[in-house]
Amino acid sequence: MQYNKKMYKRHSIRLKKWDYKKEGLYFITICIQNRECLLGEIIENKMELNQAGKIVEKELLNIQRKYKKSNINIYQIMPNHIYIILEIEKRNAITIGNIIRYFKGRVSSRSKICWQRNYYEHIIRNEREYLAICNYIINNPIKWKENVFGDGEEKQVSIY
């Protein structure tokens with residue numbers, strides 16, 4: 001079968017006029033390929049990390065060491081995805097894409113984790129949004145059972 005460029009054309013979810021090197025806060029979701037639950041499990045409404053989950057946590061914290069002008073404000077590792085609020089402190093040459101690529105590569109090289117090709121990101125525009133997203137991230141393990149269908153697909157939940 002010949003490669004069909006029109007059929008496989010991917011559309012970027014990035015804002016066309018936004019500078020992703022710009023300082024700001026970004027809500028990021030990264031999913032494991034096929035939404036496999038490889039990072040641990042929710043026990044009594046708390047996330048219990050397995051070995052792969054601990055590698056993910058270590059590499060998340062390494063982002064701040066590698067990229068001095070970035071900060072992980074809050075994160076939550078779930079069985080099949082992770083949430084991060086990433087802060088870019090000052091405009092610099094490093095983009096969010098560079099940071100996520102580094103993170104995914106480090107985790108994949110140290111474990112058998114395969115990530116979905118892309119990631120979801122949302123630019124946090126004000127304090128109300130920031131607090132709503134923090135609350136969503138913190139409470140996600142509690143809502144795990146009500147948000148997940150039997151096939152492991154998470155429901156779309158509005159956080160605003």
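Predicted model: local features only at pLDDT ≥ 70, side-chain atom pairs only at ≥ 80, totals over all residues.

Q: Which partner does glutamate 59 meet in a salt bridge at 2.9 Å, N to O?
A: That's arginine 110; the two side chains meet at 2.9 Å, N to O. Glutamate 59 sits in helix 1 and arginine 110 in helix 2, so the pair ties together parts 51 residues apart in sequence. Arginine 110 is partly exposed, at 37% relative accessible area.

Q: How many salt bridges does a search of the whole structure find?
A: Two. Arginine 106 also forms one with glutamate 59, and the closest N and O atoms there are 3.1 Å apart. Arginine 106 lies in helix 2 and glutamate 59 in helix 1, so this pair joins parts that are 47 residues apart in sequence. Arginine 106 is partly exposed, with a relative accessible area of 34%.

Q: Which residues do salt bridges with shared partners join into one network?
A: Glu59, Arg106 and Arg110.

Q: Let me step back to the fold. In what order do the elements run from the N terminus on?
A: The order is β-β-β-α-β-β-α-β-α. That gives three helices and six strands in the protein chain.

Q: How should I read a pair of neighbouring strands?
A: Start with the general idea: in a regular strand, side chains alternate between the two faces of the sheet. Then look at who pairs with whom. Here, strand 2 (residues 40-43) and strand 3 (residues 46-49) pair in the antiparallel sense over four bridges. Isoleucine 43 stands opposite lysine 46 in strand 3.

Q: What do strand 2 and strand 3 form, and what is the phi of glutamate 44 in the turn?
A: They form a hairpin with two residues between the strands, and glutamate 44 in the turn has a positive phi of about 50°.

Q: Now the inside. How many residues does the largest nonpolar core have?
A: It has 38 residues, and those with the most contacts inside it include Ile28, Ile30, Val56 and Phe103. Among the elements giving two or more residues to this core are strand 1 (24-31), helix 1 (51-66) and helix 3 (127-147). Strand 5 gives the most, with six residues.

Q: How much of the protein chain is buried?
A: Buried residues make up 41% of its 160 residues. The protein chain exposes about 10,300 Å², with carbon and sulfur atoms supplying 49% of that area.

Q: And the aromatic rings: how many pairs are there?
A: The count comes to six aromatic pairs. To read one, check the distance between ring centres and the angle between planes. Phenylalanine 27 and tyrosine 136 have ring centres 6.5 Å apart and planes at 85°, so they are edge-to-face. Phenylalanine 27 is in strand 1 and tyrosine 136 in helix 3, so the pair ties together parts 109 residues apart in sequence. Are they buried or exposed? Both are buried.

Q: What about phenylalanine 103 and tryptophan 115?
A: Their pair is tilted, at 5.7 Å centre to centre with 45° between the planes. Phenylalanine 103 is in helix 2, while tryptophan 115 is in the loop between helix 2 and strand 6, twelve residues apart. Phenylalanine 103 counts as buried at 0% relative accessibility, and tryptophan 115 is buried at 9% relative accessible area.

Q: Which residues form one aromatic cluster?
A: Phe27, Tyr83, Tyr120 and Tyr136.

Conventions: Residues numbered from 1 in each chain as written. Heavy atoms only, no water. Core = buried A, V, L, I, M, F, W, Y, C linked by side-chain atoms within 4.5 Å. Buried < 20%, exposed > 50% of the residue type's maximum accessible area, 1.4 Å probe, protein only. Salt bridge = Lys/Arg side-chain N within 4 Å of Asp/Glu carboxyl O. Pairing = 2+ DSSP bridges. Areas by Shrake-Rupley, 256 points an atom, 1.4 Å probe, with all protein chains shown as cover. Phe/Tyr/Trp six-rings, centres within 6.5 Å; stacked < 30°, edge-to-face > 60°.
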